[in-house]
Amino acid sequence: MLESGDSEFDRLYKAVNSLAEQVRRVAAEDKEALEAANLRFNLYALIGGQMKHDHEHKLYLLYPQGNWVEVGPGTPYSIIGETGYGKPILDRTLKYSDSMPFALKVGCLAFDSTRISAANVDFPIDIVVYRRDNFEIIEHRYEKTDLIDISNWWQERLRESVRLLPSQWISAVFPDQQGADGGPTIPISSGGPP
């Protein structure tokens, strides 16, 4: 694929464009056979790093059609795979200006929410961090036992946040249940709704 070409990439987007060409070529060659087997050509890729003439490190999401988007202020993250469960946490919490440790925390919480709700998502989590201008990466793998306390902490904070949510606004629905804050309180139990 890329290594067989005689181009040297001095900018990451050029490497992404070259990979996109290969993805389109493979799709053209194999799409019909895959569809005949009731399979979809479904290759998503995250490509990140910094080449010689890039002023800063870059991250791209490549789609199966061969087009791509760059992570930037308008798109502070990219997600592939099961997107429905963790995306709301990312959308509500993550900003482009956030620190990498903050982003890692948010990403782990989004993963945890996805893991709880999607049967096909589970540990391990592989983290890859590239620090700008040092041309080295840090890799770390987290297993379930490494983050179970964080998962439990997060679940309890979510439940506590619901308990603390101002409840004056629901008095029209539950007028006879007044809590200590003057608003109705809905009992929370593992047995379902009251």
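The model is a predicted one.

Start with the overall layout. The protein chain has four helices and five strands, and going along the sequence they come in the order α-β-β-β-α-α-β-β-α. Of the 194 residues in the protein chain, 27% are buried. The protein chain exposes about 13800 Å², with carbon and sulfur atoms supplying 54% of that area. As for contacts between residues at least 6 apart in sequence, 35% link residues at least 24 apart.

Next come two of the helices. Helix H3 (residues 100-117) and helix H4 (residues 144-164) have axes that come within 11 Å and cross at roughly 90 degrees. An angle of 65 to 115 degrees counts as roughly perpendicular, so that is the label for H3 and H4. On the H3 side, the residues that meet H4 are Cys-108, Leu-109, Asp-112, Ser-113 and Arg-115. Their partners in H4 are Lys-144, Leu-147, Ile-150, Ser-151 and Trp-154. Gly-107 also turns up in another pairing: Lys-87 and Gly-107 are 20 residues apart in sequence, yet their C-alpha atoms are 9.4 Å apart in space. Lys-87 belongs to helix H2 (residues 87-93) and, with a relative accessible area of 34%, is partly exposed.

Salt bridges are next, and the structure holds nine of them. One of these joins Lys-52 to Glu-8, with the closest N and O atoms 3.6 Å apart. Lys-52 sits in the loop between strand S1 (45-49) and S2, while Glu-8 is in the segment before helix H1 (12-36), so this pair ties together parts that are 44 residues apart in sequence. Both Lys-52 and Glu-8 are exposed.

Glu-29 and Arg-25 pair up with their closest N and O atoms 2.9 Å apart; being four residues apart in helix H1, they are separated by about one helical turn. Glu-29 is exposed at 51% relative accessibility, whereas Arg-25, at 39%, is partly exposed. In helix H4, Arg-163 and Glu-160 are three residues apart, about one turn of the helix, and their side chains meet in a salt bridge at 3.2 Å, N to O. Arg-163 is partly exposed at 40% relative accessible area, and Glu-160 is partly exposed at 34%.

Leu-59 is part of strand S2 (residues 58-62) and is partly exposed, with 33% relative accessibility.

Key. Residues numbered from 1 in each chain as written. Predicted model: local features only at pLDDT ≥ 70, side-chain atom pairs only at ≥ 80, totals over all residues. Heavy atoms only, no water. Buried < 20%, exposed > 50% of the residue type's maximum accessible area, 1.4 Å probe, protein only. Axes fitted to C-alpha atoms, helices over the stretch in contact; angles between N-to-C directions. Parallel < 35°, antiparallel > 145°, perpendicular 65-115°, else oblique. Contact = heavy atoms within 4.5 Å. Areas by Shrake-Rupley, 256 points an atom, 1.4 Å probe, with all protein chains shown as cover. Salt bridge = Lys/Arg side-chain N within 4 Å of Asp/Glu carboxyl O.
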